[in-house]
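Let's take a walk through this fold, starting with a helix and moving on to charged pairs. Have the viewer open as you read.

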Amino acid sequence: MLTYIKAFFSHRLTRSFWAVNGLWLLLNACQPPKEQVKPAFTASALDAAVGLNWMDLFLDIDRYAPGYRPPVAARALAYIGLAAYETIAPGSATYQSVANQFTGLVIPRAEPGKTYRWEVALNEAYYVMMKGFFPHVNDAYKTKIESLYTRLSATAESEEVSRSRAYGQAVANAVLAYSRTDKAGDEAYLRNQPTDYTPPVGQGKWQPTAPDYSRALLPYWGRVRTFVTNEAEKVARPPLDYSTNFNSTLFAQSLEIYTSTKPLTKNEQWIGEFWSDDIYQLTFEPAARWLAIAQQVIRQEKVPLDKAVYTYAKLGIGLSDVGVACWNSKYIYNIERPIAYIRRAIDPTWRTRLNNPVLVLEGVTPPFPAYPSGHSCFGAVAAEVLTDVYGIAYALTDRCHEGRTEFNGAPRSFSSFYEMAQENAWSRVLLGVHYRMDCEEGLRMGYAIGRKVNNLPWKKPL
């Protein structure tokens, strides 16, 4: 009997347990599910307006910022672009951080399980970086930085917004601090033409050129830190041997310049002026020219925010590295400019076709050695990067200088970025400021460094 009673109550208790448990499960199923915060890759859905606006302002400031000549501007683009990219990467469905590829760079992490307004974070990052790289511009441009920041900050405050602001600031400050550990590059705009540099004297060696005889620009730039380029890759292949013999290749290349420029056809003059971007305060400089091209592509393609900052980061790193490699090589070889060779060996009255309407000078030459060509280096690395992002047969009508009156700024159409880079390189021969060898080696170096930038692990594993 006792055994029976125990079994009875045990059975009743078990049934009660399952009844209660089933009731709890039923009630729980009727409750609304608790919100589970998952990573929101909203940066892949946002438009690129924040990036486009800040990069438009960069192009505006680049034209007038004291000391912002090509390699200096390229370096600024690299660090500003990297800060923007690292800010957005946690919110992208496609792209991932590349900070671990750069020794000494540590990027703060976004809080797991928290939501972010990525456009807010990005606005903060750009604001910090632009102030960090342009502390020396005039008050009008400082006001433009503040105004753009305020305009893009117009949003109601919330915990999410505050968290996003703090994150963008933290990433930018980390990248800015990393930039400042590069002593050769940090604030280099203050020491563009150092008085302690004396160019070597010798046959075929560069010396300041007519008509202004400016001191050497950035002779120590080869010491600046690179992102992907090693020491060996910072050295161009040896140039042609110096010779004034009529049968030498160097004489042939000088004669090519001389005959091409006497006179230029209207189309050749257009090509030369279209790609020049040499003159401070007239246009953006030659490195930022490729940012201006990228801006047109981003607008034309209506790419999302994460792809826009990915484009800027790759382009900036490539331009910066090739600028270091190019200037490093210029001051290793110290090859004289065509104007010196042609006046010595062909025609003592010849002058270049590059003019400076700001200073009212005719027949100028940039103040640094010829080999390799900086324009060619910048164009090639940009073509390699932009082709990787937007395709090998990307057709574009370049409107960078549309509406200008100082020269023929009419748009030119191209079937690919490589075509643009090659015409950009050839334009330097037409203006008489570079030998063919300068341009060919510049293209080679730029393509090689561009491929290394493309090979960084930008994209998340599939």
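This is a predicted model: local features need pLDDT of at least 70, side-chain atom pairs count only at pLDDT 80 or more; totals for chains, interfaces and linings use all residues.

Residues are numbered from 1 along each chain as its sequence is written, and side-chain values use heavy atoms, leaving out hydrogens and water.

Start with H13, residues 417-430 (helices are DSSP runs of H or I with at least four residues, strands runs of E with at least two, numbered from the N terminus). Its end C-alpha atoms sit 20 Å apart, which agrees with the 20 Å that 14 residues should span at 1.5 Å a residue (taking 1.5 Å times one less than the number of residues). H13 is mostly covered, with 10 of its 14 residues buried, including Phe417 and Leu430 (buried is under 20% relative accessible area, exposed over 50%, partly exposed in between, with a 1.4 Å probe and protein chains only). Just after H13, glycine 432 has a positive phi of about 85 degrees.

Now for the charges: there are 22 salt bridges (a side-chain nitrogen of Lys or Arg within 4 Å of a carboxyl oxygen of Asp or Glu). In one of them, glutamate 233 pairs with lysine 452, closest N and O atoms 3.0 Å apart. That pair links distant parts of the chain, 219 residues apart. Arginine 436 and glutamate 440 form another salt bridge, at 4.0 Å; being 4 residues apart in helix H14, they are separated by about one helical turn.
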